[in-house]
Amino acid sequence: MRYELMLPHQIRAAIAANTPIVLPLGVLEYHGEHLGLGLDTLVVVKLLEELETDHDLILLPPFYYGAASYAVAGPEGGSIQIDGDQLYPFARALFTSLLKTGFRNVHFVVHHQTENFGAGMPTDLAFKFGARQAIFAFLEETHGEGWWGKPEMADYYARHATGGDPFNWIKGHPLMTPGIIAQYPFDHAGLGETSLLLALCPEAVDMSRLAEGPWYTETAKDASAALG
Ligand SMILES: [Zn+2]
């Protein structure tokens with residue numbers, strides 16, 4: 001289901017069923033001369049769309065305006081950079097709104113810079129921080145100060161062990177886990193990412209432009225949709 005196409009009775013039913021609601025999160029960033037700027041977001045969107053065909057989940061409209069940074073190329077390359085401290089208020093407001101609507105099974109999936117997902121990078125950190133702050137504020141608003149110390153919270157650690165505590169209401173995920181990264185070439189605009197985009201969104205690839213690109217695109221010459 002796509003959130004923007006849903007009717008209110010479908011939203012109510014999805015909340016009652018605790019259906020996962022997922023935000024595809026990414027950036028617009030220079031990926032050499034042969035790849036579309038939206039790669040990091042497109043691969044998340046396309047895979048979630050595929051997952052949605054045989055799983056019960058709600059897709060939120062994707063968010064493309066993360067912190068791309070100008071690390072790989074300056075703004076003339078087309079990258080759009082929004083600082084993490086500007087993303088955080090947006091993330092907090094979005095998650096607060098979803099909690100108020102009644103969702104308790106909220107996720108975001110991100111690919112950009114996720115080789116450092118454990119420690120965090122500006123885009124995912126801003127959304128993780130926004131999620132945490134939204135949950136704390138929501139609990140205090142709905143249950144009052146001292147909510148954690150109340151008798152009904154006595155099973156907190158038991159619920160934590162089974163993933164049922166409030167801090168699991170919103171979770172962030174890298175598109176590629178460390179286990180996947182160990183088996184697949186994780187790179188920037190090289191063999192790995194070019195193959196991914198060839199598999200998932202070939203209309204955003206033009207291999208005839210590859211030779212004009214920078215050093216980190218050289219391995220892309222061996223890319224294939226099959227690998228992706
Ligand atoms: Zn990328």
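Predicted model: local features only at pLDDT ≥ 70, side-chain atom pairs only at ≥ 80, totals over all residues.
How much space lies in the largest pocket? I got about 230 Å³.

**Entry 1. Largest pocket**

I listed the lining next. It holds 14 residues, and V22, L48, L51, V109 and H173 are the closest to the centre of the largest pocket. I then asked which elements give two or more residues to this lining. They are helix 2 (39–54), strand 3 (106–110) and strand 4 (170–174). Helix 2 supplies the largest share, 3 residues. I sorted the lining by class as well. The largest pocket has 9 nonpolar, 4 polar and 1 charged residues in its lining.

**Entry 2. Second largest pocket**

I moved to the second largest pocket and read off about 180 Å³ of space. Its lining has 14 residues. Nearest the centre of the second largest pocket lie E29, H112, Q113, E115 and H188. How do the lining residues of the second largest pocket divide into nonpolar, polar and charged? I noted 3 nonpolar, 6 polar and 5 charged.

**Entry 3. Whole chain**

I stepped back to the fold. I counted 7 helices and 4 strands in the protein. Starting at the N terminus, the order of elements is α-β-α-β-α-β-α-α-β-α-α.

I checked the dimensions. A compact globule of 228 residues would have a radius of gyration near 17 Å, and the protein has 19 Å, so the value agrees. Along the principal axes, the C-alpha atoms fill a box of roughly 65 × 35 × 30 Å.

I looked at burial and surface. Of the 228 residues, 44% count as buried. The accessible surface is about 11400 Å². Carbon and sulfur atoms account for 58% of that surface.

I also looked at contacts between residues at least 6 apart in sequence. Of these, 73% join residues at least 24 apart.

**Entry 4. I170**

I picked I170, which sits in strand 4. Strand 4 is among the elements that give two or more residues to the lining of the largest pocket. Is I170 buried or exposed? I170 counts as buried because its relative accessible area is 4%, under the 20% cut-off.

Which residues does I170 touch, leaving out those up to four places away in sequence? I found F95, L99, V106, A131, R132 and I135.

I took one C-alpha distance from I170. G149 is 21 residues apart from I170 along the chain, and their C-alpha atoms are separated by 22 Å.

**Entry 5. Positive phi**

I turned to the backbone. Most residues other than glycine have a negative phi. I wrote down two that go the other way.

Q113 is one of them: its phi is positive, about 60°, and it is not a glycine. Q113 is in the loop between strand 3 and helix 4 (122–143). I checked its burial too. Q113 counts as buried because its relative accessibility is 18%, and the cut-off is under 20%.

Where is A189 found? I located A189 in the loop between helix 6 (178–181) and helix 7 (191–200). A189 is buried, at a relative accessible area of 0%.

How values were computed. Residues numbered from 1 in each chain as written. Heavy atoms only, no water. 1 Å grid on protein atoms, 1.4 Å probe; cavity = no way out; pocket = protein on both sides within 12 Å on 5 of 7 lines; lining within 4 Å. Points joined across faces, edges and corners; volume = space filled by probe spheres on them. Nonpolar A, V, L, I, M, F, W, Y, C, P; charged D, E, K, R; others polar. Rg over C-alpha atoms; globule rule 2.2 N^0.38 Å. Buried < 20%, exposed > 50% of the residue type's maximum accessible area, 1.4 Å probe, protein only. Contact = heavy atoms within 4.5 Å. Areas by Shrake-Rupley, 256 points an atom, 1.4 Å probe, with all protein chains shown as cover.
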